[in-house]
Structure formats: C-alpha cells, structure tokens
Amino acid sequence: MESIKLSKHEHKPLQVNPIKHSQPMGAALAFMGIRNSLPLMHASQGCASYTKVFYTRHFNEPIAMYNTSVSDITAVLDGGDYSILMSIENITKKNKTMKPELIGLHTTGLTETKGDDVRSVGMHIEIPYCYVNTPDFEGGMESGWALTAKALIEQHTKVSTEIKANKILVLPHVSMQPIEVEKIKEFCESFGFETYALPDLSTSLDGYLSEGQGKLGTGAIGIDDIVKLADCSHVISLGVSMKMAAKALLKKNENIGHLHFDNVMGLKNCDNFVSSLMKIRQIEPKPLIKRWRGRLQDAMLDSHFLIGSSHFVITGEPDMCCGMCELLQSVGGTVDAVVATTYSPVLEGLDVENVFVGDLEDAQKYFQNTDLVISNFHAERLLHLQDKDTALVLRGFPNYEELGNQLKNDQLYEGSTYFLFEVANKLREQKHHG
Amino acid sequence: MVNRAKIKELMNESACSHSKDKKPGEGCDKPKPGLAAGGCAFDGAQISLFPYADAVHLVHGPQTCLGASWETRETLSSYKGRDHTVMGFTTGITTNDVIFGGDKRLEDSIKYIVQHYKPEAIFVYSTCVTALVGDDIDMTCKLAAQKNNIPVVPVHAPGFVGGKNLGSRLAGEAVLEHLIGTKEPEFTTPYDINLIGDYNVTGDMWQYLPIFERIGIRVLSSLSGDGRVGSIRTAHRAKLNVIVCAKSLITLCRKMNEKYAIPWISVSFYGKRDTTFAIREIVKALGDEKLMAKAEEVIAELEEGLEKKLLPYKEMFAGKKAVLNTGGNKAWSIASGLQDLGVEVVATSIRKSTADDIEKAREYLGENGVLMKTPASQQAQVIDERGADILLAGGRSLYTAIKKKISFIDVNQEKKVSYGGYDGLLNLAEDLKYAFLNPVFKNVSAKAPWEEM
C-alpha cells in the first residue's frame, strides 16, 4: 500500500467519506459554551441548519443557533450590515423575554468570499459583540473553536497588570465533551484554584433536563468573566490548537504564566499536569486524585496484554487523536495509522508509521489489518462492509448512534482508566467472539 | 447555471396552492434574516436526488455543505451494486479555489470518481461559494459526460437562492433537462407510473409497492426513493405521475404534462384511509376497469386483515386524546393515521401549513378540532382544556409533556421504522402503545427531595 505523507496540502482533488468538519461549526459550538450568548452564523440558512441538526443529533439536546440567512441578492448587494443588524433585530423582537449578553457572530465560506466587514458592524450593536472570521474553505472544526476563544479574549478581555493569585484559565480543545471540561475544572479546583474554562461547555449540552432550552448558549463562563480574565495567574492551554488563544491572553497581561499540555490523557501527561499544579500551589493533590492515579496504574497493567498485542487506527481532530494515540502506545498498543481531519503541528510529533490528513476512504485501507478503530459513527457502516470483524470505539464528532456522548470522559487519571477498560473490553469481545 | 428568471418561475409555480393567495410575481417568501430555520436550496436538491444509489453525488463547495450532511438520511435502497447513498463526495474547496476558481479541482474529482467508483451517472451540486466565484460547472460537466460517456448532471441549487422547497424544484429542473427522455424503456405497459417525491425514508415505499404489484401497477421510475438513474431517463414513457406528499415537485409534473402529456395526481400513504384513497386515485387515473376491480379486491382483503390486527390496539387506545404539533403535511397525515387507530386528535399545528394543508386538517379534525397557529404557546393550554393523553411533537416540546405528566412521542426525530401504507400503521400503533404504557414521563417529573421541603 502506498503510504500518504503528512502535508498541509491535500493528496487528492476530493474527499470521499469526509471526516473533516468546518470552521464555522467549531465556532458555533464555542459560542454555545458562553453564558447567554446568541450564536449567529453569518451564512445562508443551510449552513446553520446543517450545523444545528449535526449537534442536535450528537448531543440529543436542543441547540441554540441562529443565522443571518444571506440570500443571492444580499450576497451581492449587502456588505453584511443589513443582514446582521436585521437578524439581531428580528430575533430579539420575536423573543421578547430573551436577554442575550453576547452576540457571537462568525462567518462562513460564503460571507468570506463576498468579503463582509463584520468588524465594523459591531459599532451599531448595543449588546456586547464578538466576531470571528471562520471561512469553511480554511482550517477545520478545531481551528474554528480555537479562533473563537482567541477572538473573545482579544476583543473583550481588558488589559491588566494585576495578578490574582490562584485564578487560572483553562483552554480546552474542541473535542473535549462537556463532562471532560467539568472534570478538568473540578480537578484544578481541588488544588485550590479559582478556575475558568473558555469556552466552557460543562453546563451547556451536558444532557441536563431544564425548561426553555435551546434559545441561548448556557455555558458556564459569561462575558463579564471574560472581560476580567487578564488577572489570571496562569493560563493553561490543553491541545496545540489552543496555544494561540493562550498567547492572546498573555498580550493582555505579561505577568500571566502560560502552561501548555498537548493533552492530559495517560499517566505521563497527567503526571506532568499535576506536578505543574503542585508547583504553583505548593501543595499535594487531594487523596482521591492519588487514588485515581493508582487505579490508572492498575488499569494499565490489567489492559496491557490485550492492548499490547493489538493494532489500532485512529481518526479525528488532531488534538484528540494525539491524546488517544499516546495513551494506547503507553500500554504497548501498535497504532498503525492516525488519519486527521486537518493539518496540525502536533501530528509531526507522533511516533506512528502512517500519520496524514485524509478521509475515511484513506482510513479504510488500514481498517482491514487492524484490531480496533477509533472514529466517528461513519466508520461503523464501513466496518460492517468488511469480511473481517474489527472492533470500534466511537469518539469525536459526530456520533449519531450512541447516547450520552456528552458524558464520555477520557481525560486525566480517571477518564484514562475508563478509556483503557473500554478499549480492552471491546478488543476482548472481538477477539473471543469475532 | 442558475438564473433569476428560472428562480422566479419556480417561485411562482401556478399549480402550487401557496401561490393562490399571492399577487402575480410575489411567489414564495424569501427567508427573513435571523428567522430562517430549516435547510437551504442545496439541502432540498440533495434530498431530492440523493437516493439514486447508482449515481455518485459530488458536492462542489466548501466543507460544511457535505461534511455535516452525509449519511444522515434513512433513505433505504435495494440496489445490489455499491450503494452511493451512504457515501459522501465533496471537492472540499480551499482558499486557492476561491481565488483562482475551482474548475480544475472539479474536473480532477470527476476523473477520480469515474476511475475509482465507475458510477452510472454523476450529479454535481453547485453551492453558494462555487456559484458566487462563478465556476463554469456546466462546461466541466458537459466535457466530462462526453469523455466518459455517462450522464454528468449539474444541479444548480446554491443555498442562498432560497429554502429546501426551491432546491427540490431546481433538482427537478436538472432531472428534466438532463435525464428524462434520454433513454427508452425495455418495454412498457398501460399501467406504468412514475413515483415522484417519495424518498423511501425508513422504507416507506416498500410498505405499498407490494400492493401495486398485486394490482398490476408498474413503477417505471422513481424520483427518487430506491431509484436508479437508468430508469428515470425513461420516465417520459409513463402513463401517470404520482406525487407522494411533496409540493415541491409539482413544477416537474406540470412540465412533464406539457411536454409529454403525462397527467399527475397527488396522494399520501399515511394511515389506512389515505392509503386506500391513494390506490383508488391511481387506478382511477389509469382508467382501466379491470385494474379498478382488482384494486378493490386487494383493498378489501388488506383492510380486513389490517382491521383484525388493529383490534387489540383500538381497544387499548379507546378514549385516548392526542395533541399533534408538527409541520407541513404531517399535521394532517399523522392525524389521519392516529384516527385510524381510534385515537382522538384534539389539536394539530398549522404553523407552516399551506391553504390545502389547513383545509385537510380541518376536514380530518372536524369542527371541534383546534388548529394551532402558534403551537409553542398554545399546546400547554390545549392539553389542559381537552385533557389530552399524549403529545406528538418535536424534541423541544418534551418539557411540556413532562410538566403536564402525559406521554410523548418525538415525531421529528429520525425514525427507524416506517409509518407508511397499511402495515406502517401497525408500527405507529406499536410506538403509541409503548408511549402510553411507559411510566417514564410520570417518573421523571417527580419532585427532588429538596423541592418538597
């Protein structure tokens, strides 16, 4: 089989069975992670409709999303002012009880091609306004999410020279599900930090029954919090994609310390994370954290036989692939291929024979000779077509088949433990019964 | 390419009941900024043509258009070859293509598809960006068709020209212009029909096709449920066009009538009464006495069998009242199905309905039925006033049902079984039964310990 090289350029003219998702979709999700925000996609109505259905089916939740419904006429005649301002007026007029605290506007391929000046529109909007340029012919979901976090900081966080000891900001990458953000925040809080996450999905799309959902974002961080982020003592970026957002915060206050982790999966990465937190606070972790570390050690030993004798293929957003790949390798798993949605420098560092940007047509070539695939739900049907029985663990967007996606936790000692068991159990099923 | 004259013509469809109350030239509504929900024209076009399993559907645009939409619809196919309906193909254009044009990428993509997948045809969908930068999709398709000797059909329904409905019409235009009438069928019968607008979602068509077969009605081609490009090319030889629950393809049928003198009728296969009515309408339109007699015989037999199977359900559902909150023709078609099962439908939504739909809803619900114009704010009150036992609505209304402690069915959720035809009614009955029996709606609404203090 001819191997595909890791490159910023596509290796074929089209995508067949794509896994890549667009930048605007990442931006929309990020705005849902802000309290009382109104995610507004500057696009034709279809872009928003597809995105809404996509997240509704993945999370099984009502999704707060609006669009400016650019038409063929406004595409040519309007510079964006009309459709954006009319949208805000129409939406707030129709929902009189709705009190958005932020208009989260982001562009799409269409509105970037026509070249709207979405920045200047903000001068005519009374509600706090954040704009992000996210054409869907560049980048992907991961960068759309990261660009939004960066834009929120750049446009709203006030410059400061003060530092509030023990206040930190965590920047989670796009593939982290609501429960994972919550667990990481809780983890930091147990060290005594006043912890913020941006975006913060821990109270948005987290599968929580309440009334009147789906009108505004219900994230756990508000625009008033974002304004005051520059007095954090540290900013912690999780995932290479989030580095740029961290750097944006450093520009607001040069006294802020920056900690970066490519991921917090597996013993080594989690140990690094813990030792950094210990160093700042000069305290030991809580007993339960130590207990979970022991459980992870045990899980690594329990699962090493099955995983250590198995081959894996991973597809998805780069930051997610990287964490899973390193965790499986730490217990002896052989990762045959990592097929990423978009290019990211984090892929360069992976010790895997086949790492490249591609689609499921490419990934499928490696499915035949592997034991377990980690991918989104699209891989399920492809694996059914094979003669050989290959196990599948569903991760990444979208997963239309399984329930409770928002509560799947793969992070830190605890999540890594459950992840290893899930993988090992799937392998056992396939090897014994397959 | 797409032009204003064509869009204007489609938006002012004379045969559409939407156009009745409008001044000439006014046509369908343009989406309002901020308030447009639902899909775009591209979405509609894709839905209309995607079920052709023997063709590859190539989306010429940036990532969102296909990346978020492939493998999302349960349109089943019996195609024995490689089923392209569960696959996604996109040129996924990048900045370079926006600046320099995407024609070369499109040409290379078509070449790649022909080489690797050998489809019977290729549909190429333009999208907002490729339409705006002005890629010459028509020429690229024409050259590729000549070179590879298969139909390569450009579908010009970029999202920004309008909603789903318009997109379906534009898809119909593409099929009419490039496919219909380009091939002769192997043989014809006096009972050949085209099925228009049924996409075989969860196998809806398969609920009634066996009945057609027994009566002797032959489906010459389908647009596009379980369809083949090879057969839609012969559609001009059919004796009748049968539109199934779809307003959008009326234009296609009117034009086929003008061009090929094929009459058309519009029917629905939801519930017992509608299915029977649909079969009668079809055989009546075909105008053959023997066929009509055979149809009556089959209908009588199937209705009797169904009634027997429905008895236990009807007993169980006696006295039950339902409130229905869903859009378009579902507002009356599901109501009709519920009534066939002995459930009283006390209210239905007419928020997005056409004049025809409203008339039908009134007919089915009777004088006392509530036709809700603003169901979101009305439904809770209606449930109280009429003492409804179940709410059938979209996911957003779940909370209303829980608060009112009544059963709930999410009618907008992707369903996995078909409610179509006679047998589909049994599937609906099963779902209703489980909804009525399920204590979850009462259990979940229990007060938390800290609320009882």
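These legends walk through several close-up views of a predicted model.

**View 1. Chain A as a whole.**
Start with chain A, which is built from 16 helices and 14 strands. Its radius of gyration is 22 Å, close to the 22 Å that the globule rule gives for 434 residues, so chain A is as compact as a globular protein of that length.

**View 2. Where chain B touches chain A.**
Here the two chains come together, with 46 residues from chain B and 48 residues from chain A taking part in the contact. On the chain B side, the elements giving two or more residues are α2 (41-49), α3 (63-67), β2 (89-90), α4 (95-100), α5 (103-117) and α6 (128-132) of chain B. Sort that side of chain B by class and you get 23 nonpolar, 16 polar and 7 charged residues.

Now look at β2 of chain B and its partner from chain A. Strand β1 (residues 15-16) of chain A is joined to β2(B) by 2 bridges, and these two strands run antiparallel. To find the spot, look for A:Val16, which stands opposite B:Phe89 in β2(B).

**View 3. The domains of chain B.**
Where they meet, domain 2 of chain B puts in 16 residues and domain 3 of chain B puts in 18 residues. On the domain 2 side, α9 (204-215) and α12 of chain B each supply at least two residues. The biggest giver on that side is α12(B), with 5 residues. By class, the side of domain 2 of chain B that touches domain 3 of chain B has 5 nonpolar, 6 polar and 5 charged residues.

**View 4. Two helices side by side in chain B.**
Helix α12 (residues 271-286) of chain B turns up again here, this time with helix α13 (residues 289-317) of chain B: their axes come within 9 Å and cross at roughly 170°. α12(B) and α13(B) are therefore roughly antiparallel to each other. Residues of α12(B) in this contact include B:Thr276, B:Ile279 and B:Val283, while those of α13(B) include B:Met292, B:Ala295 and B:Ile299. Taken together, the residues of the contact of α12(B) with α13(B) divide into 8 nonpolar, 1 polar and 4 charged.

**View 5. An open sheet in chain B.**
This view shows an open sheet of 5 strands in chain B, with parallel pairing and the order β11-β10-β9-β12-β13. At the edges sit β11 (370-372) and β13 (407-410) of chain B, each of which pairs on one side only. From one strand to the next, the twist averages 20°.

Zoom in on strand β9 (residues 321-325) of chain B, joined by 4 bridges to strand β12 (residues 390-393) of chain B, with the two running parallel. A handy landmark is B:Leu324, which stands opposite B:Leu392 in β12(B). Then pick out helix α18 (residues 421-437) of chain B, which lies across β12 and β13 of chain B and runs at about 140° to β13(B).

Technical notes:
Residues numbered from 1 in each chain as written. Chains lettered and ligands numbered in written order. Predicted model: local features only at pLDDT ≥ 70, side-chain atom pairs only at ≥ 80, totals over all residues. Pairing = 2+ DSSP bridges. Axes fitted to C-alpha atoms, helices over the stretch in contact; angles between N-to-C directions. Contact = placed C-beta atoms within 7 Å. Nonpolar A, V, L, I, M, F, W, Y, C, P; charged D, E, K, R; others polar. Parallel < 35°, antiparallel > 145°, perpendicular 65-115°, else oblique. Rg over C-alpha atoms; globule rule 2.2 N^0.38 Å.
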